[in-house]
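Student: Could you zoom in on a single part of this one for me and walk through it slowly? Cut-offs included, please.

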Amino acid sequence: MNIETKNIILILSQIIGLLLLSPMVNSVIKKMKGLLQGRKGIPLFQGYYDLTKYFHKETVISDQTSWIFSTTPLIVFSSTLTAGLFVPMFFEIESIGMFGGVILFVYLLSLGRFFMSLAAMEPGSGFCGMASSREMMLSVLIEPVMLLSLIVLCLLSNSTQIPTIITSLVKHDLTFPSISYVLAIFALFIISIAEIGRIPFDNQETHYELTMIHEGMLLEYSGKLLGLMVWANWLKQLIIISLICNLIFPWGIINKFTLISISTGLAFYILKILIISIIITLGETVIAKVRLFRVKDILVTSFAISVLALILVIQELGRVSMP
Amino acid sequence: MNNFLTQEFTTPIISYFTVVLLLMSILITGSNRLKSIVKFYLLQSSCLVIITLIIGFSINNPETLRIAIITLLGKCIVIPLALNFVIDKSQANKEVVPIISPSTTVLIASALIAFVYGLSMTQNFGRIAYYPGLFNAAISIILIGLLIMISRKKALTQIIGLYVMENGIFALTLDTVFGMPFVVEMGISLDLFIGVLIMGVWTLRIKQSFDSIDVSKLSKLKG
Amino acid sequence: MENNILLLEFSILFFIIGALFSLVLGLYSNKLGIYTSSIFAIIAALFSLLSSVNVLLHKNSFKIELPINIPLLTPILSVDPFSAFFIFLISLISISVSIFSIGYLKSESTKTSIPLLVFLYNLFLLSMILLVSANDALLFLIFWESMTLISYGLIISNTSSDESRSAGFIYLLMTHIGSAFLLFLFLIMANYSGSFSFESFHGVYKKMPDNLNLLLFIFALIGFGTKAGLIPLHIWLPEAHPAAPSHISALMSGVMIKTAIYGLLRVTFEFLNPNSYWWGVCLLLVAVSTALVGIIYASQENDIKRLLAYSSIENIGIIFIPISTGIIFYSLRLYDLAAISLVISLFHTLNHSIFKSLLFMASGSVISTTHTRSFSKLGGLIKKMPKTSLFFLIGVLAICAFPPLNGFASEWLIFQNLLALFNTSSNVIKTIGIISASLLGLTGAICIATFIKLFSGIFMAMPRTHLVEYAQESSKSMIFSLFISSSLCLLIGLFPLFTISLICPAASTLINLSQVNSAAFSNNQILHINNTVSGHYSPTLILLLLLSFSFLGFIIPKLVNNKTTTRKDETWSCGISPKAEFEYTPTGFIQPIEVIFSGLHIPKDFYYKWIYLPIYDVLNKFSYKVKTVQSGVVQVYLTYIFIALVISIIWVSL
């Protein structure tokens with residue numbers, strides 16, 4: 001099998017994997033949260049049921065809207081999925097480095113966010129507008145910190161490609177993972193929680209329009225369009241969780257494809273996702289959502305942490321290169 | 001003296017705890033709940049204790065062990081408990097009223113750290129230190145402690161700033177002369193402890209007189 | 001070679017003929033004047049475009065001797081690849097703006113005096129082309145002044161409004177302060193080189209002391225920075241750009257402020273010697289704060305053109321980022337990296353020219369049909385102006401730097417460029433470089449919010465006032481020029497390497513120690529910079545992926561169920577029928593960001609109060625002191641002359 005066919009197969013399996021796994025991960029988090037709160041929780045396949053239900057429903061859209069509103073779900077879906085290609089699940093795709101690195105990753109995510117916010121302004125509903133405005137406020141705070149913490153990781157491995165960052169982590173001496181790396185991951189973790197819109201930044205399960213951020217932007221969507229938007233959101237969640245879990249536990253990314261390595265890689269990947277999901281669930285259960293303008297303090301603190309990480313990176317790398 | 005805790009071995013471990021020290025001071029500046037500030041302070045002090053122990057073992061100095069125990073008692077148990085007591089009494093948990101907003105303070109704090117690490121490139125800076133990383137962190141923490149005292153209005157947060165500063169000074173002495181002489185350390189701890197008592201009483205009195213623990217209200221006392 | 005000379009001469013000739021003809025014909029009939037001016041401008045711009053592309057492709061240069069004879073002045077135009085790049089930029093933008101102006105001026109003809117406007121329009125374009133090809137300091141200053149004066153005329157051409165006049169005054173004042181610094185700069189350099197020609201200025205720094213080198217750099221920075229709009233020298237820009245007619249604003253924002261970049265780069269890298277990296281570090285701080293403060297101001301605006309003007313300030317800041325990294329690399333003797341930085345900065349200059357002129361033109365269409373610049377009064381225009389809104393959206397996507405458009409290509413390169421600072425040995429540069437990258441991300445994020453505010457305010461939801469009712473789609477020529485600009489955005493975005501290969505000779509002319517070519521930017525035809533924290537970006541692949549995944553998103557629901565229906569109904573607003581009053585206003589939209597950055601939002605009179613007024617006061621006091629010399633008695637003046645004579649006699653005899 002030549003490299004190109006192999007790469008195409010890998011890319012296709014990454015796409016299929018992301019599409020299929022993302023509803024499940026969301027359901028798992030919800031289920032665990034339910035169990036922790038003493039409820040039974042939703043069935044594990046609820047995500048798939050929801051999607052099929054959305055795709056069967058009639059689509060009602062506002063009469064104030066234009067083509068932007070109805071194409072936005074496609075753009076959000078595709079930009080998220082494209083961003084998803086840069087983050088390895090449990091196998092390495094060699095050619096992926098050729099499309100772009102972390103900067104492209106961040107900007108692709110923000111492309112989706114741009115269209116989501118823009119489309120939310122379109123029906124002229126107060127709730128959508130408010131959600132869109134708040135989403136923009138969050139994104140203004142998220143983007144620089146996300147870039148900074150990712151760039152610190154890039155500097156450590158001298159590459160802007162996420163797969164390379166992860167594999168170079170494994171190659172290093174792991175008895176003492178560098179402290180700046182730990183700090184950068186810590187900052188990135190806080191930011192990721194904000195990026196996937198979970199407590200303490202945004203509550204995905206709220207039913208009260210005035211507290212909605214992400215959900216609020218979807219208020220005017222229905223049917224297929226809503227289905228795609230929801231799916232794109234789950235995709236983003238899975239991508240971010242994969243990013244975090246592969247950075248925290250950089251082992252188990254396979255590049256040789258035998259039956260055994262694939263199955264152990266997959267099992268390990270699922271285990272990693274489960275650990276991160278448990279952390280997120282615990283956080284959601286224990287911590288309360290903070291006031292909107294307090295979000296700034298948390299995100300700025302994580303900015304400061306990434307600056308600290310940067311300073312330490314400079315110290316460490318400087319010391320290594322000095323004769 | 002043969003010791004398994006050589007400097008090559010301890011340096012990375014100490015650098016971890018050093019960063020935790022810095023991290024905690026950043027979190028203290030960024031937080032606006034007094035209770036969580038006390039928790040961060042507790043963590044910072046525990047790190048200091050661990051660092052003290054490591055340094056103590058590496059240079060085989062029984063004196064440091066004693067210092068470590070005293071610090072553990074004072075900074076990790078008595079002071080947090082006392083602070084929590086005062087917070088409960090004055091019901092001031094959420095009242096970190098800042099003069100400069102927490103996020104700006106955090107930014108200034110990180111700029112301070114960058115500044116100190118930048119200075120550490122110069123020749124004379126940190127020359128006497130045993131672990132340069134710890135020295136930089138200690139100086140940064142002293143400055144951040146001062147910053148907290150400058151930027152907050154409430155008496156309680158100001159005294160926490162003082163404690164953070166004292167932690168920095170402690171780390172500094174630890175790094176340069178392997179811990180203060182026992183008597184000095186005792187004296188300082190006692191001072192601080194009396195400080196918290198006085199502050200506690202003071203805070204409660206201010207609260208009784210002004211219905212708030214805002215220090216800026218004290219300017220009314222001026223003639 | 002011969003062709004190039006002929007082409008440029010033809011272009012100059014056509015501009016002049018166009019100006020005169022359109023003035024004469026414009027006095028006879030407005031419509032005729034507009035057509036003549038635009039058609040002549042388009043032809044002339046095509047000529048100069050061809051000539052400049054020729055120069056850039058073959059990396060040669062040529063000279064034209066002007067048939068004028070002025071003492072002290074060598075009237076020679078010289079076009080080397082660096083000048084050619086700017087001629088290319090000016091011609092490219094002026095073609096689409098000229099096409100736009102046909103339709104635009106017809107609808108504006110009641111408000112402005114057309115003959116004057118069309119006359120000045122051609123001269124304005126000509127003066128810019130002559131400016132970037134001048135080969136003599138005095139000639140340069142003459143064209144610089146004429147560009148300023150002509151644009152002043154264009155700003156105040158909006159005869160009906162007082163705003164234009166006061167904006168024109170501030171513009172004139174500020175740019176003349178800048179010009180004064182430039183005059184000093186060139187005089188001092190001429191003093192050391194012995195001549196005013198640019199060739200003699202090459203390497204003039206070798207003859208002067210180091211401190212003077214730095215002083216001249218600061219002079220150049222103030223002189224050109226005023227024109228470019230660096231903070232705090234930007235105060236004229238948000239006043240002047242909106243006051244001019246929209247196609248002129250497009251030219252001013254798109255092209256005119258870029259001539260300052262031309263001047264600064266030429267002076268810094270050819271004549272002076274950036275010998276300390278602190279120049280670059282300080283400039284980087286200025287650049288980043290210009291970008292950040294500019295976009296924060298932009299986000300607060302409710303006037304379409306002022307918002308765009310502030311966003312120009314932001315982009316000038318972004319253009320200055322790679323310039324300052326270039327200075328840093330140059331001072332560290334990393335000439336290849338310096339040349340790469342300059343290419344990136346020129347690339348962003350080009351991109352900004354294209355999308356900013358596109359946005360100004362598109363907003364010109366909106367303003368001329370709704371007669372208001374305040375977009376909080378608009379709304380719902382997407383239904384009345386579907387084509388304009390589409391092109392506006394493309395402009396917005398480009399300026400917000402979204403892949404795969406051109407804005408992202410250059411912004412991505414700027415990020416890579418900042419990361420390259422990590423390869424230097426100084427910790428200060430490393431820290432500042434990386435934090436600047438993060439702040440650039442912050443700027444980008446605020447930019448996104450700002451342009452969502454702008455676009456949704458103009459085009460989306462329900463009309464907020466009756467102004468929208470009579471709006472209609474703009475004329476064909478306007479749509480066509482918007483189409484040209486937006487396809488340029490897309491094409492440059494998709495094939496950045498071709499454009500970069502055009503820019504590379506320009507940068508290597510400037511830094512002749514390095515022969516940079518597009519190979520430095522590519523790895524197997526994919527955008528990539530060597531010698532940095534490695535990274536690749538392939539716009540075509542990204543577009544392909546986006547399109548195919550969109551198709552996937554389209555087809556999956558169809559596969560699940562093909563029979564669902566789509567229905568339109570009114571927006572849900574808690575059971576009441578929706579009204580425009582329920583909408584989130586643009587001001588409301590940006591309010592959370594305003595609250596967050598209230599600390600960074602410097603009040604606008606700050607600059608007047610703390611920078612300009614103190615200087616003014618000092619000057620004023622000084623003038624009062626000098627005033628005593630003016631006694632008004634004839635004999636005293638005669639005494640002055642007498643003393644001057646005696647002193648000069650002594651001076652000469654010594």
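Tutor: Let's start with the lining of the largest cavity: sorted by class, this lining has five nonpolar, four polar and five charged residues (Ala, Val, Leu, Ile, Met, Phe, Trp, Tyr, Cys and Pro count as nonpolar, Asp, Glu, Lys and Arg as charged, the others, Gly among them, as polar). This is a predicted model, where local features need pLDDT of at least 70 and side-chain atom pairs pLDDT 80 or more, while totals for chains, interfaces and linings use all residues. Residues are numbered from 1 along each chain, chains are lettered from A and ligands numbered from 1 as written, and side-chain values use heavy atoms, without hydrogens or water.

Of its 14 lining residues, Glu135(A), Ala194(A), Glu195(A), Gly197(A) and Lys236(A) lie nearest the centre. Helices H5 (126-157), H7 (179-195) and H9 (223-248) of chain A each supply at least two lining residues, and H5(A) gives the largest share, four.

Lys236(A) also lines the second largest cavity, together with Val76(A), Thr80(A), Leu109(A), Gly112(A), Arg113(A), Met116(A), Ala232(A) and Asn233(A). That cavity's volume is about 80 Å³. Here H3 (67-86), H4 (102-121) and H9 of chain A each bring at least two residues, with H4(A) contributing the largest share, four. By class, this second lining splits into four nonpolar, three polar and two charged residues. Across the whole structure, the search finds four cavities of 30 Å³ or more.

Technical notes:
1 Å grid on protein atoms, 1.4 Å probe; cavity = no way out; pocket = protein on both sides within 12 Å on 5 of 7 lines; lining within 4 Å. Points joined across faces, edges and corners; volume = space filled by probe spheres on them.
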